[in-house]
Amino acid sequence: MVDIAERPTRLAAPPAAPEVAGRVTPGRAGRLLGVGAKVLHRTVAIAALAAIWEGAPRLGLVDRVFLPPLSEVLVAWWELLRTGQLAEHVGASLTRSLAGLGLAVLTAIPLGLLIGWYRPLAELLSPLLEVFRNTAALALLPVFVLILGLGETSKIALVLYACSWPILLNTIAGVKGVDPLLIRSARSMGLNHLRLFQKVILPAAVPTIFTGVRLAGAYSILVLVAAEMVGAKAGLGYLINYAQYNFAIPDMYSGIITISAIGLVVNQLLVALERRFSTWRVDVSAG
């Protein structure tokens, strides 16, 4: 007869299975699948466009003389890169574009903060802003060329003018759009004007300001390309115009693709910078 006291109170746990080296856990596999699905979701439209571009000329849907297949354009792009021509044109365009954009940021953001914060200054400058904001930058290209010449100064000045408006107007809107409850709460806590501006107004306006900077980043490339088609000896606009006149159609599309890639990279850099300065924001968008 077996004594009940000698019985084990619980069953012994089975020995743990040995850890398999390199085994992917279910959680890690799910994360990898999620990342893969997100990458696929983001690239499917570009892949479809590339497939249409490659197939339409080869199937005779469009004249391949005027729209060569994407593979031929990429071969021409690589040849331009290998010979150093593409780097020369990209360097010239980026120098002008970044110079104009940087000057616009340094001048338009402080001016926008002042106009948005001080109502008398806003009332004084509002008619002047309304006049110039509706004047297209490219319409003033002959004026810049006449006054500043065909050199680098006129092109940088044109980019500065085109980039200043989205930055300036979004900065003003960002300052004026701060929640009045935040301002009243800060004043009730005894913050003076300088601390109120530093701790409440400026952080709340940062997202809107960066929206203007991102728009200006796109404008800096687009306006510059048009300006480089007049009186320039280097730059992506010059490359596109020169390739068109010489009927080097793959080279022309290579320049266009390069402009799109540069615009995408600049936008992503500005988005990352915006996140760096807006860490307090909560993302409420649906996943």
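These are my notebook entries on what I looked up in this predicted model.

**Ground rules**

I number residues from 1 along each chain as its sequence is written, and for side-chain values I use heavy atoms, with hydrogens and water left out. Since the model is predicted, I noted that local features need pLDDT of at least 70 and that side-chain atom pairs count only at pLDDT 80 or more, while totals for chains, interfaces and linings use all residues.

**The chain as a whole**

I began with the elements and found 10 helices and 0 strands in the chain. Helices (H or I, at least four residues) and strands (E, at least two) are DSSP runs, numbered from the N terminus. I then looked up burial, where buried means under 20% relative accessible area, exposed means over 50% and partly exposed lies in between (1.4 Å probe, protein chains only). Buried residues make up 33% of the 287 residues. For contacts, which means heavy atoms within 4.5 Å, I looked at those with a separation of 6 or more, and 72% of them come from residues 24 or more positions apart.

**Helix 3 against helix 9**

Next I looked at one pair of helices. Two packed helices are described by the angle between their axes and the distance between the axes. The axes of helix 3 and helix 9 (residues 236–245) come within 7 Å and cross at roughly 130°; axes here are lines fitted to C-alpha atoms, for helices over the stretch in contact, and angles run from 0 to 180 degrees between N-to-C directions. Helix 3 and helix 9 are therefore oblique to each other, given that angles under 35 degrees count as roughly parallel, over 145 as roughly antiparallel, 65 to 115 as roughly perpendicular and the rest as oblique. On the side of helix 3 the contact is made by Leu86, His89, Val90 and Ser93, and on the side of helix 9 by Leu236, Tyr238 and Leu239. By class these residues divide into 5 nonpolar, 2 polar and no charged, where Ala, Val, Leu, Ile, Met, Phe, Trp, Tyr, Cys and Pro count as nonpolar, Asp, Glu, Lys and Arg as charged, and the others, Gly among them, as polar.

I then followed two residues of helix 3. His89, which has its place in helix 3, counts as buried at 7% relative accessibility. Leaving aside neighbours within four places in sequence, His89 is in contact with Ala234, Gly235, Leu236, Tyr238 and Leu239. Ser93, also placed in helix 3, counts as buried at 6% relative accessibility, and with the neighbours within four places in sequence set aside its contacts are Leu224, Glu228, Gly235 and Leu236.

For helix 9, I listed Leu236, Gly237, Leu239, Ile240, Asn241 and Ala243 as buried residues. After helix 9 comes Phe247, whose phi is positive, near 55°.

**Cavities**

How many cavities of 30 Å³ or more does a search of the whole structure find? I read off 2. A cavity is a set of points, on a 1 Å grid over the protein atoms alone, where a 1.4 Å probe fits but cannot get out, and lining residues have an atom within 4 Å of a point. Grid points are joined across faces, edges and corners, and a volume is the space filled by probe spheres set on the points.

The largest cavity holds about 50 Å³ of space, and its lining consists of Ser93, Leu94, Ile221, Leu224, Val225, Glu228, Leu236 and Ile262.

**Two more residues**

Apart from its neighbours within four places in sequence, Ile259 is in contact with Ile221, Val225, Leu236 and Ile240. Thr171 lies in helix 6 and is buried with a relative accessible area of 0%. Not counting residues up to four places away in sequence, Thr171 touches Ile109, Gly112, Leu113 and Ile209.

Terms used: 1 Å grid on protein atoms, 1.4 Å probe; cavity = no way out; pocket = protein on both sides within 12 Å on 5 of 7 lines; lining within 4 Å.
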